[in-house]
Amino acid sequence: MHLSIAGGLPCRMCVLLFSNDKMAKLTIKRLSPEEEFPDLSQHNNHMAKVLTQDMYTKLRDRATPNGFTIDGVIQTGIDNPGHPFIMTVGCVAGDEETYEVFKELLDPIIEDRHGGYKPTDKHKTDLNPDNLKGGDDLDPNYVISSRVRTGRSIRGFCLPPHCSRGERRGVEKMSVEALDSLSGDLKGKYYALKNMTDAEQQQLIDDHFLFDKPVSPLLLASGMARDWPDGRGIWHNDTKTFLVWVNEEDHLRVISMQKGGNMKEVFNRFCTGLTKIETLFKDKGTSFMWNEHLGYVLTCPSNLGTGLRAGVHVKIPNMSKHAKFEEVLKRLRLQKRGTGGVDTAAVGGTFDISNADRLGFSEVELVQMVVDGVKLLVEMEKKLEKGQSIDDLMPAQK
Amino acid sequence: MLEAKCKTGQTDCITHRPIKKYRIFRFQSIVVECSTSAAIRLLHVSVMTANFCPHDLMYPDSADYPDLRKHNNCMASHLTPAIYAKLVDKATPNGYTLDQAIQTGVDNPGHPFIKTVGMVAGDEESYEVFADLLDPVIKERHNGYDPQTMTHPTDLDSSKLKSGKFDERYVLSSRVRTGRSIRGLSLPPACTRAERREVEKVVVDALAGLKGDLAGTYYSLTHMTDQEQQQLIDDHFLFDKPVSPLLTCSGMARDWPDARGIWHNNTKTFLIWINEEDHTRVISMEKGGNMKRVFDRFCTGLKEVERLIQEKGWEFMWNERLGYILTCPSNLGTGLRAGVHVNLPKLSKDPRFTKILDNLRLQKRGTGGVDTAAVGSTFDISNLDRLGQSEVQLVQTVVDGVNYLIECEKKLEKGQDIKIPPPVRK
């Protein structure tokens, strides 16, 4: 029988494995799962809703082949009881195997977070931009900018909460090699966070590209900011429309963006770039973490499937004050954020509007929802500007 | 056993080590002995073994060695690639590793003017298992104390303290603090929730047995009422979740505020913090200059708590080499900081002030604590040393030193000149 043991199992667990009489000698340390179970009485996140004593007891005896344990999975959810604007997930994956080894916890969380997605469901991947209808004509008087982002993980490496420095550097090295071989309008340059000159840093700040060490306790508590800024960096193409973050919350975050409302062009570049990068990785004998059930595998369960967030910054001061705004967004399967990102509120009627879903819909389907939905919101905004009603424009639930 | 073969065909790369096995190596010998059915029940049979292991993904120790070129802390000064390679595959019996111990020092490069320690202990055994790194760090931090050759004196007989009553026209308050760890339970960077709760239980049970002027009450951070919280804030007793990245990066703030709390006696002169940076921090303090009484209560209280935990079969972490064992290597030995808030308007402006303090083996801080600057001319003056001198010796140093400072202040008031004293030791 092949036994896979986690090297990360604390040695006292290994001592427990010797024999029963030695176990009896361990009277000082009482490691019962009841005593270890976290106090989640003040908590409001997906993990806290799902994790029971029985489940914890069962999962506590396991570890992934890389030594990631249940305590590693849930630490961020214990340390962060809730968030003012969103229901947080409260757990992370330390490696690809986390999603298998801790299925009992993660499947119900995934189901709750991703609109009823079942453990038996299959996820569709579609990165063919020709399948997108329209999207090149969002009104630039309202739509200020368009952006599509996703993440990718490199198979064989642990994820940011659990990776060693060597693995993180390995991810960086492989990614930079792949990105350096891109050509045409995708040709670009890598800026390692720890080697950046002041001038480069300033330019990246001015371009709104630079990411800094996370301050959100949601991220810090998972351990993903360890060893900052070692192994972290930003790559972007010369035209500044295709950007890759290396080793922030995920191995790679891939972003395509530009000013204006031509989402089609943004999505084209997104798909082309991603497909090219994937091919380059395959040539090197590696691949992205992906499976039929969960699609692309990322650190946070909320980003499974496509990991895709397609969005616009759009001026909708009237629409956003309308009583039915939330209802409309819900029906269109869209989400609003402030223009500073997930932890911000909107300023002056300009919102970040993006797809609410990640898993269970393909990339094309999600971008289509954004394109169609934003078009409708702009139409509604125009009507409200003229003092007209929007009742006849109310959409059906998608 | 998980087999991960290098693409070059070697199962036993001598220069490289596959990532998956890297984390398994040190436990291999234990696994081999496991043959009971209990063992098999406890192990999880992996359903997704990664069979992918290209040669260039294997990592020698040098690939994991941290980049410390911009760092200025004691860990960075002593962690050579050779020492890293020697220690990185080791773990304490609780599974605590070198990477965990140094994480705070990797994440916090330091400050050009303040040299932080840059590492912590996860348990008592850390100081043995990682001695190759900790001993030189300790030697640097503790003024040449060599843990390999020297022994640390412990002396909590406060009756030996001479003339510990200060002139209260100058000394506003007196305080002595230390820490204690419960043997057998991991330290805050590494403890599990159950261990932390066990520390709380053991200590709170013992404190409930204190009597007389030491009798008091425990306030758990999780369960305190708003009113209790306000009172503790007004008394300047309440501690909150640490914000300093020096502390949070070590993992000691996990699961906050679970099993954290504050105990104090009814007269508010003896206070214990539970599960903050250490298992316990013990503080004796009073307004005014009666350091003798503060130290008396400190010693009596500590010994009484020790007696009470021993009744239940527990003891404090202590050994001859390092004295009392605490999370941060800077607090080894006595873990003791005895200090006063003292008003020195003339002396503090004298250019010789710093040199006088140095020779007296004293340190100045602002009255807000270690990260603050002084306001006006009131300073927090305390002992510099922690290890290599006993508690009595260190408090005597503070008593003698502060008395000297007050004499200087009085002389300057009268227009007389002062002298820099000879160094009290070494």
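Trainee: What percentage of the 426 residues of chain B count as buried?
Mentor: First, this is a predicted model, where local features need pLDDT of at least 70, side-chain atom pairs count only at pLDDT 80 or more, and totals for chains, interfaces and linings use all residues. Residues are numbered from 1 along each chain as its sequence is written, chains are lettered from A and ligands numbered from 1 in the order in which they are written, and side-chain values use heavy atoms, leaving out hydrogens and water. Buried means under 20% relative accessible area, with a 1.4 Å probe and protein chains only. By that cut-off, the share for chain B is 57%.

Trainee: How are H14(A) and H15(A) oriented to each other?
Mentor: Their axes (lines fitted to C-alpha atoms over the stretch in contact, with angles from 0 to 180 degrees between N-to-C directions) come within 10 Å and cross at roughly 155 degrees. Angles over 145 degrees count as roughly antiparallel. So the pair is roughly antiparallel.

Trainee: Which residues in H15(A) does H14(A) meet?
Mentor: From H14(A), the residues involved are Phe325(A), Val328(A), Leu329(A) and Leu332(A). Across from them in H15(A) sit Met369(A), Gly373(A), Leu376(A), Leu377(A) and Met380(A).

Methods: Helix = DSSP H or I, 4+ residues; strand = E, 2+ residues; numbered from the N terminus. Parallel < 35°, antiparallel > 145°, perpendicular 65-115°, else oblique. Contact = heavy atoms within 4.5 Å. Buried < 20%, exposed > 50% of the residue type's maximum accessible area, 1.4 Å probe, protein only.
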